[in-house]
Amino acid sequence: MVTGGAGFIGSHLTERLLDHGHEVLVVDNFYSSTRRNLTHLLDHPNFELMRHDVTFPLYVEVDEIYHLACPASPIFYQRDPVQTTKTSVHGSINMLGLAKRTKAKILLSSTSEIYGDPEVHPQTEDYWGNVNPIGIRSCYDEGKRCAETLFFDYRRQHDLDIKVARIFNTYGPRMQPDDGRVVSNFIVQALAGEPLTIYGDGGQTRSFCFVDDMVDALIALMGTPHEVTGPINVGNPVEFTMLELADLVIELTGSRSRVEHRSLPQDDPARRRPDISRAGELLGWEPRTALREGLERTIADFASQPVSGSGRRSG
Ligand SMILES: NC(=O)c1ccc[n+]([C@@H]2O[C@H](COP(=O)([O-])OP(=O)(O)OC[C@H]3O[C@@H](n4cnc5c(N)ncnc54)[C@H](O)[C@@H]3O)[C@@H](O)[C@H]2O)c1
């Protein structure tokens with residue numbers, strides 16, 4: 001079962017699981033996605049799609065749960081912050097309850113946001129983070145932190161087979177053009193010949209992992225033995241500044257766009273870079289797709305779709 005399977009990462013994961021011969025049940029309420037991401041799979045004999053909000057209990061028979069349901073971009077998760085916290089907290093309680101009843105393995109797609117605006121670089125899993133509990137990003141950051149707490153308490157109390165992945169910025173085809181994340185913003189703006197919006201001076205860095213590499217990591221983590229719980233950082237450790245990313249997108253799209261600076265939003269972290277040594281040791285995993293190659297594939301996907309307007313802020 002993949003909760004949030006109609007979303008960006010979830011739809012790629014679902015596709016891969018079907019390719020591997022699994023039967024896949026996608027559970028999604030389409031809060032930040034549409035059925036479009038799955039249209040090509042609807043007739044697949046091993047595929048089933050269920051509209052359901054994970055904040056309500058679910059009774060199905062499953063043996064592995066990839067729990068991805070949660071809006072991930074600031075525009076979507078800040079639109080209804082109470083629902084975001086509910087999705088992380090009540091959603092995790094419900095899915096953990098389901099895992100307990102069915103004795104299923106369960107994987108949480110946590111996030112690098114649980115490190116907040118980090119004071120150590122790169123971030124290792126042992127770092128506890130620097131998170132504002134009452135800011136506009138808190139519904140997402142604290143929601144995921146509480147979800148991690150619940151996963152580990154279900155492990156300690158009920159010996160559940162849990163896996164916690166801390167996902168760093170991921171990009172690729174099927175990101176939503178209006179989701180406000182920096183890669184999609186830049187591509188949409190460059191393709192439209194509009195200025196690329198940079199918040200602050202553009203010196204803040206992010207690291208970007210191509211979605212195919214992320215799917216490899218999640219499936220490898222699900223395949224680990226009971227004693228491996230995580231949390232495990234998964235992402236690409238190569239850092240780029242926002243200015244470097246903007247230049248690369250302009251080059252690859254052949255756009256005449258320039259960059260435009262705006263003021264930095266609240267709690268926007270200055271740097272974020274994963275230490276992925278644990279993923280290397282435990283999963284034998286590291287990202288393989290260079291940013292240039294991944295961007296080319298993402299730009300090709302965006303260019304093939306009718307797109308209107310531009311995104312609003314970097315994620
Ligand atoms: N994309 C990234 O860079 C990134 C980084 C860190 C963590 N993550 C995590 O990975 C997961 C997937 O992210 P994504 O980028 O694919 O985002 P996405 O918004 O494309 O996908 C999330 C999916 O969850 C669904 N959903 C939201 N609330 C729900 C609810 N209450 N019940 C059922 N379904 C619900 C949405 O409709 C959507 O299909 C999320 O948990 C996110 O926190 C993503």
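Helices (H or I, at least four residues) and strands (E, at least two) here are DSSP runs, numbered from the N terminus. With that settled, to the model. It is predicted: local features need pLDDT of at least 70, side-chain atom pairs count only at pLDDT 80 or more, and totals for chains, interfaces and linings use all residues. Residues are numbered from 1 along each chain as its sequence is written, and side-chain values use heavy atoms, with hydrogens and water left out.

Start with the ligand. How many residues surround the ligand? There are 30, and the closest are D28, S32, S33, Y140 and R181. To be near, a residue needs a heavy atom within 4 Å of the molecule.

Which elements build that shell? α1 (8-19), α3 (81-102), β5 (105-111) and α4 (138-158) each give at least two residues. The largest share, three residues, is from β5. By class, the shell has 13 nonpolar, 13 polar and four charged residues. The classes are simple: Ala, Val, Leu, Ile, Met, Phe, Trp, Tyr, Cys and Pro are nonpolar, Asp, Glu, Lys and Arg are charged, and the others, Gly among them, are polar.

Now the polar contacts. That term means a pair of N or O atoms within 3.5 Å; within protein, one must be able to donate a hydrogen and the other to accept it, and residues adjacent in sequence count only if both atoms are side-chain atoms. At D53, a side-chain N or O atom is 2.9 Å from a nitrogen atom of the ligand. At Y31, a backbone N or O atom lies 2.9 Å from a ligand oxygen. At C70, a polar backbone atom is 3.3 Å from an oxygen atom of the ligand. On its own the ligand exposes 820 Å², and the protein buries 98% of that. Those areas come from the Shrake-Rupley method with a 1.4 Å probe.

Next, the cavity. On a 1 Å grid over the protein atoms alone, a cavity is a set of points where a 1.4 Å probe fits but cannot get out, and lining residues have an atom within 4 Å of a point. The ligand's space is the largest cavity. The largest cavity holds about 780 Å³, a volume filled by probe spheres set on the points. Its lining has 50 residues, with C70, P71, A72, S73 and R181 nearest the centre. By class, that lining splits into 21 nonpolar, 20 polar and nine charged.

Last, the backbone. Where are the cis peptide bonds? One joins H121 and P122, with omega about -15 degrees. P122 sits in the loop between β5 and α4. Another runs from G230 to P231, with omega near 0 degrees. P231 is in the loop between α6 (211-222) and β11 (232-234). Finally, K103 is not a glycine, yet has a positive phi of about 55 degrees. K103 lies in the loop between α3 and β5.

Terms used
1 Å grid on protein atoms, 1.4 Å probe; cavity = no way out; pocket = protein on both sides within 12 Å on 5 of 7 lines; lining within 4 Å. Sits in = over half its atoms within 2 Å of the grid points.
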